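I opened the model today to look up a few things. My notes follow in the order in which I made them.

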Number of protein chains: 2
Amino acid sequence: MASDVIEPAGRRTVATISRQSLHGEIVTRLRDMIIEGDLQPGERIYENQLGEELGVSRTPLREALKFLASEGLVELVPSRGAVVKRFSAKDVEDMLIVIRSMEMLAGRLACVQASDEGIAQIRVLHDAMVRHYKAGERLEYYKLNQQIHTGIVALADNAPLAEVHGLLQSRVKRIRFIGHEGAERWAGAVAEHERIIAALEARDAETLAQELDTHLANGWERVKSVV
Amino acid sequence: MASDVIEPAGRRTVATISRQSLHGEIVTRLRDMIIEGDLQPGERIYENQLGEELGVSRTPLREALKFLASEGLVELVPSRGAVVKRFSAKDVEDMLIVIRSMEMLAGRLACVQASDEGIAQIRVLHDAMVRHYKAGERLEYYKLNQQIHTGIVALADNAPLAEVHGLLQSRVKRIRFIGHEGAERWAGAVAEHERIIAALEARDAETLAQELDTHLANGWERVKSVV
DNA sequence: TGCAAGCATTTTGTATACAGTATAAAAAAT
DNA sequence: ATTTTTTATACTGTATACAAAATGCTTGCA
């Protein structure tokens, strides 16, 4: 996964000056490494070793770890350093419950707040996703799927909501990415998405919330065997 | 914790059980300072000065600032250090919308998940709060009010939910604390609480969610003049 | 052979020092 | 007088060095 794709809200990527502070770069770098599985859950992080590996000294690395600890991606054990956080099945289920609730809220808000152009953009993403589905391209499908969900949340025009959603999303990304669903389930997910977009375009808040509810509940069914 | 009792002989742990790392202590210290208004919104934080003031060197202080930045309490401007984050009225309203949604979810979950003892404990807190209300003790009332809301979220037995709720809660605490409501509004809030507790005891999820919804919507009405 | 205690190594926690950058103030030129 | 440039100062960013704590290993003893 490229690190330059759309960043979650709260992170400002200024194109003009790429000179973000070093610890900032390390944060995004490590976040990617954790999500992509380069750093595995439960793995202890040795500051010297990792710092050497990244070509930075311990100080900014430590600062980055504190940041990620607050995000909940790593755990800080006093006097024993940082460990990549491991999530239990219940943790994941709990997170998905919260994510579901927040996307339902986002959907309701989006039906009121969103501009027509914003909704149209979601439709574009959806159509592209369907094309990738028909072509059987799972990775591309997965990415667009994520973008659509993040996009609906963005339409709600509620920064804290987007932030918290992104926070939890980043934690389950790793697990969700693994989830390989069978053809029939995959088809079901696409059909659900179709109804979601339709409800959004109709600005039918209750229907949209309902569709997101069932879609994300099914999402848990799809991944829970993997966790 | 109980683990200190069974320490092996010859290995004596110091009385200060809170053997938290220094940056950890600084985090809680600064968080309190921000919430209580010792550090005011928009105020720039000079690391040397604040470090001197707290009696710590810059390194752990900087780590603490990174942590708080991830929490959203301070903002990191590259090459210009940390600033206490300032929230607009819309920010606060958006946060309260999300908090409301999360507490509604928590209420629904609590009706299923909570133990009878847990619910009884909320009742105890509520009764104590009412006593403080009748005595006109605003500060004590405020604290118990917070505890009740946090307690209901805790009953949901969903760690990520409690975490993100606490995250947003800590941001609006500062504002909420300021909000001095008139006598009649105060009475209304207490009455709403009474209905909330009743619904919880009856484990009536929908009624509870409804009551929380109106209560927290009114909460925004109560503070929005202040923001 | 098993266990315990002490020593050594490794790793984290904190402080300090140095380098780079932004801001502000002062001086010079238009 | 105003604007621009230069210079100085102060603060942040990063690295390195030192101290404390924990883990692991070895050695001694029963």
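**Sheet of chain A**

I began with the strands of chain A: three of them make an open sheet, ordered β1-β3-β2, with antiparallel pairing. The edge positions belong to β1 (44–45) and β2 (74–77) of chain A; each has a single partner strand, so one side of each has no neighbour in the sheet. I kept in mind that this is a predicted model.

Next I followed β2(A) into its partner. Strand β3 (residues 81–84) of chain A runs antiparallel to β2(A), and four bridges join the two. I noted two of the pairs. Leu76(A) has Ala82(A) as its bridge partner, and Glu75(A) has Val83(A). β2(A) and β3(A) form a hairpin, with three residues between them. In that turn I found Ser79(A) with a positive phi of about 65°.

Which side chains of β2(A) are buried? I read Val74(A) and Leu76(A) as buried, both pointing to one face.

**Domains of chain A**

I looked up the division of chain A: domain 1 covers 22–84 and domain 2 covers 89–223. Six residues of domain 1 of chain A and five of domain 2 of chain A make the contact. On the domain 1 side, I listed two nonpolar, two polar and two charged residues. The centres of the two domains, taken over C-alpha atoms, are 29 Å apart.

**Around the DNA**

I took strand D first. I found 19 residues around DNA strand D; the closest are Leu22(A), Ser57(A), Thr59(A), Glu47(B) and Gly81(B). Elements giving two or more residues to this surface are α1 (22–36) and α3 (58–71) of chain A, and α2 (47–54) of chain B. Which element gives the most near DNA strand D? α3(A) does, with three residues. By class, I recorded six nonpolar, nine polar and four charged residues near DNA strand D.

Then I turned to strand C. DNA strand C has 18 residues around it, and Glu47(A), Gly81(A), Leu22(B), Ser57(B) and Thr59(B) come nearest. Here the elements with two or more residues are α2 (47–54) of chain A, with α1 (22–36) and α3 of chain B. α3(B) gives the most to the surface near DNA strand C, with three residues. The classes near DNA strand C are five nonpolar, nine polar and four charged.

**Chain A against chain B**

I checked how the two chains meet. The contact takes 25 residues from chain A and 25 residues from chain B. On the chain B side, α3 (58–71), α4 (89–113) and α7 (159–178) each give two or more residues. I sorted that side by class: twelve nonpolar, six polar and seven charged.

**Helix α6 of chain B**

Last, I tested the length of helix α6 (residues 138–155) of chain B. With 18 residues at 1.5 Å a residue, α6(B) should span 26 Å. Its end C-alpha atoms are 25 Å apart, so the length agrees. I then listed its buried residues, among them Tyr141(B), Leu144(B), Ile148(B) and Leu155(B). Asn145(B) and His149(B) are also buried in α6(B). Just after α6(B), I marked Asp157(B), with a positive phi of about 55°.

Technical notes: Residues are numbered from 1 along each chain as its sequence is written. Chains are lettered from A and ligands numbered from 1 in the order in which they are written. This is a predicted model: local features need pLDDT of at least 70, side-chain atom pairs count only at pLDDT 80 or more; totals for chains, interfaces and linings use all residues. A residue is near a molecule or strand if its C-beta atom, placed from the backbone, lies within 6 Å of it. Ala, Val, Leu, Ile, Met, Phe, Trp, Tyr, Cys and Pro count as nonpolar, Asp, Glu, Lys and Arg as charged, and the others, Gly among them, as polar. Two strands pair if DSSP finds at least two bridges between them. Two residues are in contact if their C-beta atoms, placed from the backbone, lie within 7 Å. The expected span of a helix is 1.5 Å times one less than its number of residues. A residue is buried if 20 or more other C-beta atoms lie within 10 Å of its own, exposed if 12 or fewer, and partly exposed in between; C-beta atoms are placed from the backbone. Domain bounds come from an automatic or database domain assignment.
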